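Welcome! Here is a friendly set of questions and answers for someone meeting this protein for the first time. Have a look at the picture, and then we can go through the terms one by one.

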Amino acid sequence: MNTNQNGLNMNEHAKNNQLAAFRVKHDDQVLTTDQGVHVSNTDDSLTAGARGPTLMEDFHFREKLTHFDHERIPERVVHARGFGVHGYFQVYEPMTQLTKAKFLQDPNVKTPVFTRFSTVVGSRGSADTVRDVRGFAVKFYTEDGNLDITGNNMPIFFIQDAIKFPDLVHAIKPEPDNEIPQAASAHDTFWDFVVNTPELTHMIMWLMSDRAIPRSYRMMEGFGVNTFRLINEQGIARFVRFHWKPLLGVHSLVWDEAQKISGKDPDFHRRDIWDAINKGEFPEYEFGIQVIEEQDEFKFGFDILDPTKFWPEELIPVKIIGKMTLNKNVENFFAETEQVAFCPSNIVPGLDFSNDPLLQGRLFSYLDTQLIRLGGPNFHEIPINRSIAPVHNNQRDGYHRMTIDHGKVSYSPNSLANNRPNPCETSGYQHYQEKVEGVKIRARSLSFQDHFSQATMFWNSMSPPEKQHIINAFQFEVGSVKDKQIKQRVVDLFNNVDHELAKQIAIGVGATQPGSGRTGASETSPAVSQLNTIMTAKTRKVAILAEDGFNHAEVSKLMNSLNGAGVCFEVISKNLGTIKSSDQKELEVVKNHHTGTSVLYDAVYVAGGRASVDAMLECGEALHFVNEAFKHCKTVGAANEGVDLLKVSSITGVNYSKGENIVSELGVLTQNKADNLTEFCKQFIDAIAKHRHWERESVKGTVPA
Ligand code: HDD
């Protein structure tokens, strides 16, 4: 591999150098003005007398205030709330047969990437865990120039034609008279748009599903959504869709938990990935492609150019071809995450677009939006947006131009500079020579008109708990709509998807139940159910509840086991500082009950030790912690005296261990004998790996999550 002395691949090195060239460290420096003049005092303005007016000549005051007054740029019109991280991509084996794209040829080449995850609807300061689609945008800095795969965490989109995008966004954003609600689709204008635009039906099923409340950016799939083309050296083209598959599996929060996190830690998702990368737990996603031969374009029961349809994996398998590793946090949020500019039209030789009408519109919109957001046509010169491939052309001037273009020639053809820079037929980007003909027409293709079959397929692919979550989501969202007619029309629309679903929506929102509707079996795509994903306890977060007098041998055994399995943990007690075990060993408390709540953890463990458990029994917070974790279907564990806390909790449907045996029911693990701890810890970790214990939701008396 072509590496430098730091072990960095040359492409990574090139990108790092580019960023480093603009990095300024201010440590140990004297404060200066923007002109480099040292400043003697930045706390008092220059005034005429100590109590007199400020003087116009105070250039430092004016410069400081002027810069501050201008330091905001417009937030993105959608996807304003996001978080970017650096990493690299490596292909597993040469993809020569399918594409000539250079970054997909050599498994030794690490292509630097910058990935920005986002929500769609909320403003820049909105909460991370709202119900929404998540953006999953990857910028590859390839040797052939920048390639952006600007995707989402759902494989389809709301609308089929880009001309409807402003309508969609106006409908889902806060209502314009009072700017309510923030970052939410649960309001009248959105559902009014839904009932009047049946092409949204399929995407609404995904939006109401658990996909819309991911547990972590690290546990989210990514999809390019639109259909692109791969082109090989021989000029043969194939249709392709792109996938990112997280090695930690695809997992979600539960709605009640997500809502609470929005208040307890609105930065939950960005903190999660920031902390993971700082700890060296680098998120990894495999890159997959679904490929359709040109001659098979019309072979399927749906139009492969329709972005409201996914290509079922069972029909068109996802070929895994590489991996992205995210291994570096940004140094400056504004410079990198805020100023990064993605654009689906950033493409490299070996790839091309399809006639997907949503994609075609996107090819215009992204570049256009950067002109206002980043203030002019030179945004490609901002360090995070620069390609590692050299840039030579006759584009000149404009706001904030950084490049000092040499020479007097800025036109083509020219003889003064030997006609340089000149196009190159062999290395230059060649558009695929697709034959197109037709009359100019404003009409939707007939092959785009089935809005319900795949929505039904999605519904029928869900497991019972996933179905229940969808029903609950509809009841929340449509229940928040004020207009009765809209509520009824939602019921009637989704009666085309599944009659039982429509009935349940109607019951929940007080609408009339539909007479008859779509029922019975349809095709399924098991791959879309999150129950069929990778299950691992790695990087999950356990809360250990303990107070003075805890059982040190037991807790340290548990901590060692968790460490061994790559599971994180934090000790939570009534007060911060340290607690002492029954044998006087000290343990640091990371959170108290004000700062550490159950919704921020994947599992909870109640430590044994008589005095510790007695203190917890007196403290309502510990009990609330356990009850809430149980309600959210999380793994709950307790050993020795710790079981006493569970016995008085509202956990239902569980028999506690009476003897020495480990009892594991509904994801609640208890045991009474310290000797069994090794096996107990193993089972506890296995239970955490299951993510959630949905079977609890069907136990009578359990409040649904
Ligand atoms: Fe878009 C941003 C994803 C349709 C117009 N979009 C944006 C971002 C993502 C997506 C991830 C944020 C990029 C970042 O992190 O900076 N958008 C999608 C997907 C779509 C889609 C997967 C459907 C397949 N988008 C879409 C359409 C249009 C736009 C049809 C307009 C015709 N999108 C934009 C935009 C944004 C944007 C207005 C806002 C900020 C930006 O571009 O840079 O141009």
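Predicted model: local features only at pLDDT ≥ 70, side-chain atom pairs only at ≥ 80, totals over all residues.

Q: What makes a stretch of chain a helix or a strand here?
A: Helices (H or I, at least four residues) and strands (E, at least two) are DSSP runs, numbered from the N terminus. Helix 9 is the element that gives the most to the shell around the ligand, with 6 residues. Strand 3 (134-142), strand 4 and helix 9 each supply at least two residues of that shell.

Q: What makes Tyr 366 a donor of the iron atom of the ligand?
A: Donors are N, O and S atoms within 2.8 Å of the metal (3.2 Å for Na, K and Ca), and water is not among the atoms, so sites may look incomplete. The OH atom of Tyr 366 is at 1.8 Å, and Tyr 366 is the only protein donor of this iron atom. Tyr 366 has its place in helix 9 (residues 357-373).

Q: How do you know which residues surround the ligand, and which are the closest?
A: A residue is near a molecule or strand if one of its heavy atoms lies within 4 Å of it. By that rule 22 residues surround the ligand, and the closest are Arg 76, Arg 116, Arg 362, Tyr 366 and Gln 370.

Q: How many residues of each class does the shell around the ligand have?
A: Ala, Val, Leu, Ile, Met, Phe, Trp, Tyr, Cys and Pro count as nonpolar, Asp, Glu, Lys and Arg as charged, and the others, Gly among them, as polar. The shell has 10 nonpolar, 9 polar and 3 charged residues.

Q: What makes the pair of Asp 148 and Lys 139 a polar contact?
A: A polar contact is a pair of N or O atoms within 3.5 Å; within protein, one must be able to donate a hydrogen and the other to accept it, and residues adjacent in sequence count only if both atoms are side-chain atoms. The side chains of Asp 148 and Lys 139 are joined by such a contact of 3.1 Å. A polar atom of the Asp 148 side chain also lies 2.8 Å from the backbone nitrogen of Cys 343.

Q: Which polar side-chain atoms lie by the ligand, and at what distance?
A: Arg 76 has a polar side-chain atom 2.7 Å from an oxygen atom of the ligand. For Arg 362, an N or O atom of the side chain is 3.3 Å from a nitrogen atom of the ligand. For Ser 365, the distance from a side-chain N or O atom to an oxygen atom of the ligand is 3.4 Å.

Q: Why is Asp 148 called buried?
A: Buried means under 20% relative accessible area, exposed over 50%, and partly exposed in between (1.4 Å probe, protein chains only). Asp 148 has 3% relative accessibility, so Asp 148 counts as buried. Asp 148 lies in strand 4 (residues 145-152).

Q: Why does Lys 690 count as exposed?
A: Lys 690 has 53% relative accessibility, so Lys 690 is exposed. Its place is in the segment after helix 18 (677-689).

Q: What does Met 559 touch?
A: Contact means heavy atoms within 4.5 Å. Leaving out residues up to four places away in sequence, Met 559 touches Ile 544, Phe 569, Val 571 and Leu 587. Met 559 is in helix 14 (residues 552-564), and Met 559 is called buried because its relative accessible area is 12%.

Q: Which bond joins Ser 412 and Pro 413?
A: A cis peptide bond joins them, with omega about 0°. Another cis peptide bond joins Arg 420 and Pro 421, with omega about -10°.

Terms used:
Residues numbered from 1 in each chain as written. Heavy atoms only, no water.
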